[in-house]
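Subject: Structure handover

Hello,

Here is the structure I said I would pass on. Please open it next to this message and follow the notes below.

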Amino acid sequence: MKPNKNIKFKSILILFLGLIIFSCATKKNILAKEASIESHPKIIFLNYSIKKMANNDVTLQFINQIVADVKLKKNKVLEGITGDLICAQLDKNNNILQRQIVKNPLIKNIEYIDDSKSFNNKQIELDSTQIAIRLQLEPNTKYISIYNFNTKKNKTKALITTAID
C-alpha cells in the first residue's frame, strides 16, 4: 500500500503545482491584455496671439504647442455666442473629430471692490491678447482649426489651422 500512497501524493503535488503555474500565467496574460487595450490619453496646449483688426475681424498667430500624457476631466459643454471661437480637431481628411467652444478671449470680465466696499463687475474689450487652449487630444488628430463662432449654419473659413506634431 505504500506505493499507492506515494502515487497519490505525487499526483496531488503535481496537480497543486500545475494550478499554481497556470494561475500565475493567467494573471500575467490578463495584465498584458489590459495594458494593451488601455490607450495613453494626451492633452494639447495651444498658445496663440489674437488681435482685433480695424474691420472687427480677428487674426490669430500660432505661438507654440505642448503635448502631455494626461487625461482631462470632463468639461461642461458651453453654448457659443457671436465673438466666441470654435476649436475643431481634424483628421488627415479634414473630418471633424471633436469641437470645443472657446469664449471670446478679447472680452475680459473683471471683479473689483468699489468705494462702498461692494463687489462690482466690469467688462473690458481688448484689442489683442494671448490665449491658451487646452484640449483632450483625439488619437487621429492631424490638424486643429479655429473658426469664428457663427450662429448661421453656413460654413466659415478657418482663422488658422495648426498641424499637430
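Tyr48 is buried, with a relative accessible area of 0%. Buried means under 20% relative accessible area, exposed means over 50%, and partly exposed is in between (1.4 Å probe, protein chains only).

Before going on, two notes on the source. This is a predicted model, in which local features need pLDDT of at least 70 and side-chain atom pairs count only at pLDDT 80 or more, while totals for chains, interfaces and linings use all residues. Residues are numbered from 1 along each chain as its sequence is written, and side-chain values use heavy atoms, with hydrogens and water left out.

Not counting residues up to four places away in sequence, Tyr48 touches Leu60, Gln61, Phe62, Ile63, Thr129, Gln130, Ile131, Ile133, Ile146, Ile160 and Thr162. Contact here means heavy atoms within 4.5 Å.

Tyr48 also belongs to the largest nonpolar core, which has 18 residues; Tyr48, Ile133 and Ile146 have the most contacts inside it. A nonpolar core is a set of buried Ala, Val, Leu, Ile, Met, Phe, Trp, Tyr and Cys residues joined through side-chain atoms within 4.5 Å. The elements that give two or more residues to this core are S1, S2, S3, strand S7 (128–137) and S8. Apart from it lies another core, of 6 residues, including Ile86, Ala88, Ile101 and Phe149. In soluble globular proteins, nonpolar side chains tend to be buried together.

How many aromatic pairs does a search of the whole structure find? The search finds 1. The pair is Tyr48 with Phe62, edge-to-face, at 5.7 Å centre to centre and with 65 degrees between the planes. Tyr48 lies in strand S1 and Phe62 in strand S2, so the pair ties together parts that are 14 residues apart in sequence. For the terms: rings of Phe, Tyr and Trp (its six-membered ring) pair if their centres lie within 6.5 Å, and planes under 30 degrees apart count as stacked, over 60 as edge-to-face and the rest as tilted. Phe62 is partly exposed, with a relative accessible area of 33%.

**The chain as a whole**

The secondary structure comes to 1 helix and 9 strands, and from the N terminus on the elements run α-β-β-β-β-β-β-β-β-β. Helices (H or I, at least four residues) and strands (E, at least two) are DSSP runs, numbered from the N terminus. Of the 165 residues in the chain, 22% are buried. Among contacts with a separation of 6 or more, 54% are between residues 24 or more positions apart.

**A four-stranded sheet**

An open sheet of 4 strands has the order S4-S3-S8-S9, with antiparallel pairing. Two strands pair if DSSP finds at least two bridges between them. Strand S4 (96–102) and strand S9 (160–163) stand at the edges with a single partner strand each, so one side of each has no neighbour in the sheet. Strand S3 (residues 85–90) and strand S8 (residues 143–148) run antiparallel and are joined by 6 bridges. In one of these, Cys87 has Ile146 in S8 as its bridge partner.

**Two threonines**

Thr161 lies in strand S9 and is partly exposed, with a relative accessible area of 45%. Leaving aside neighbours within four places in sequence, Thr161 is in contact with Tyr143, Ile144 and Ser145. A polar contact of 2.8 Å joins its side chain to that of Ser145. A polar contact is a pair of N or O atoms within 3.5 Å; within protein, one must be able to donate a hydrogen and the other to accept it, and residues adjacent in sequence count only if both atoms are side-chain atoms.

Thr141 is in the loop between S7 and S8. Is Thr141 buried or exposed? Thr141 is buried, at 7% relative accessible area. The side chains of Thr141 and Gln89 are joined by a polar contact of 2.6 Å. A polar atom of the Thr141 side chain also lies 3.1 Å from the backbone oxygen of Glu138.

**Two loop residues with positive phi**

Asn56 has a positive phi of about 70 degrees although it is not a glycine. Asn56 sits in the loop between strand S1 (42–52) and strand S2 (58–68), and is exposed at 59% relative accessibility. Lys117, also not a glycine, has a positive phi of about 60 degrees. Lys117 is found in the loop between strand S5 (107–113) and strand S6 (119–125), and is exposed, with a relative accessible area of 72%.

Regards
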